[in-house]
Amino acid sequence: MTDLAAFLQQHREQHTIAAALTDTVATIAAACTDISAKVRLGALSGVLGAAGTGNIQGEEQKKLDVIANNILIDKLKLNSAVAGLASEEEDGFVACHEDGRYLVLFDPLDGSSNIDVNISIGTIFSVLEKPSGRLQTEHFLQAGKQQVAAGYVLYGPQTLLVLTFKHGVHLFTLNADNVFVYQNTSPQILEHTAEFAINMSNQRHWEAPVQQYIAELLAGETGVRGKNYNMRWVASMVAEVHRILMRGGVFLYPKDARDPNKPGKLRLMYEANPLALVVEQAGGAAHNGHQNMLDIQPTGLHQRVAVMLGSRAETEYLQKLHG
Ligand code: AHM
Ligand code: MG
C-alpha cells in the first residue's frame, strides 16, 4: 500500500519535480481531507444550507462554499512555498509568502447546487509558478498549459484525489484513517464514446454547432453518427469529468445566448484549465469550440469560458462543427 506522501516522494525523484511543488499539492490534499470530513457529516457538522452571502460573480454562497474556501486558505497560508492564492469565492487574489514559488487557484466546492441534496461535489485545484516581482493579478493570468500541477478531490461515495504533475494522471482513495491511498492505475480516456453530458434545459440558447451536434447524437443509429448515445448530467463538473476519466464520454457547457457578455458558465482558471489538464494527461482533449483550452490566454481571474472536453473522437468532431 502506497500512501500519498510515499507516492509524492517517489514521483518527484522519478521526474525531478521540486519538493516545494509536491509539498504544495500535499497541503491541498490535507485541506481536502478536512473538507471531506465536514461533507461526510452533512447536517451533523452544520455545513448545509445557505451562507446568506454572495460571491464576486453574484452567485449565492452555500455555507460549505465558504467553509471549504476558508479551510483551503488557512492551510495553504501556512505553506511557505505558496506565494498567493486565487479562489472562485474571493474577489481578488490572496497574498501569502513573498518568497513563495507557487500560485494556487481553486474552486473550493464545485457543484454547489448538489451540497444540500447529498450528491457528489468536489474541490478543483491548479498550481502555477509565480513569475518574479511583487505579486499582482497578472501573475495568475497564465495559459493552462503553464500549469505545473492540477487535479481535483471528488466527495462522492468514496473521497478520491485525482492529480497530475504532467506525467500522467494518478488516483488515490481516502481510507478510514483519512489517508489517501494510491490506486495503481493509469486512467486513460477512451477515444470513442457513446455517452454525453450537457444541461439539455438550455438547448434553445445554444449556438448552431452545439445544436447540430446534440441533434445528431439524439438521432441515434439511423442518424449521421450511426450509433445510439446515452446521456448523463450530475451538475457537478468534477463528477462528470471523473466519469469520463473512468469510462469515457464527452462533457459540454457551451456558450449561452441569454447573456452575450458571458462566453459560458464555467470558470477558466478554477474549473476549465485544471480539469482540461487532467483530461489531456489521460489522453482526452478540451477546447472552447475554437481553441484548445490550455492555449487560451486568460484576461481575468474570474473569466468564464465555453467548455467541451472528453473523448478525442467527439471533441475533435465538435471542433470541426465549429469550423
Ligand atoms: P459551481 O462552481 O457554482 O458549483 O458551478 C459549477 C457547476 C459545475 O460543476 C456544473 O457542471 C455546472 O455548474 C452545473 O450547472 P447547471 O446548474 O446549469 O446544471
Ligand atoms: Mg465550480
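Student: Which residues in α1 meet residues in α2?

Tutor: L4, A5, L8 and R12 in α1 meet A19, T22, V25, A26 and A29 in α2. The model is predicted, so local features need pLDDT of at least 70 and side-chain atom pairs count only at pLDDT 80 or more, while totals for chains, interfaces and linings use all residues. Residues are numbered from 1 along each chain as its sequence is written, and chains are lettered from A and ligands numbered from 1 in the order in which they are written.

Student: What makes two residues count as meeting?

Tutor: Two residues are in contact if their C-beta atoms, placed from the backbone, lie within 7 Å.

Student: Why are α1 and α2 called roughly antiparallel?

Tutor: Helix α1 (residues 4-15) and helix α2 (residues 19-41) pack at an angle of about 160 degrees, with their axes 10 Å apart. Angles under 35 degrees count as roughly parallel, over 145 as roughly antiparallel, 65 to 115 as roughly perpendicular and the rest as oblique. Therefore α1 and α2 are roughly antiparallel to each other. Their crossing is right-handed.

Student: Which residues bring α2 and α3 together?

Tutor: T27, A30, A31, D34, I35 and K38 in α2 meet I67, A68, I71, L72, K75 and L76 in α3. By class, this contact has eight nonpolar, one polar and three charged residues.

Student: How do you know where the domains lie?

Tutor: An automatic or database domain assignment supplies the bounds, giving domain 1 (4-182) and domain 2 (195-322). Their centres, taken over C-alpha atoms, are 23 Å apart.

Student: How many residues of each domain are in contact with the other?

Tutor: In domain 1, 36 residues are in contact with 29 residues of domain 2. On the side of domain 1 that touches domain 2, β6 supplies the largest share, five residues.

Terms used:
Helices (H or I, at least four residues) and strands (E, at least two) are DSSP runs, numbered from the N terminus. Axes are lines fitted to C-alpha atoms, for helices over the stretch in contact, and angles run from 0 to 180 degrees between N-to-C directions. A crossing is left-handed if the near helix is turned anticlockwise from the far one by less than a right angle, and right-handed if clockwise. Ala, Val, Leu, Ile, Met, Phe, Trp, Tyr, Cys and Pro count as nonpolar, Asp, Glu, Lys and Arg as charged, and the others, Gly among them, as polar.
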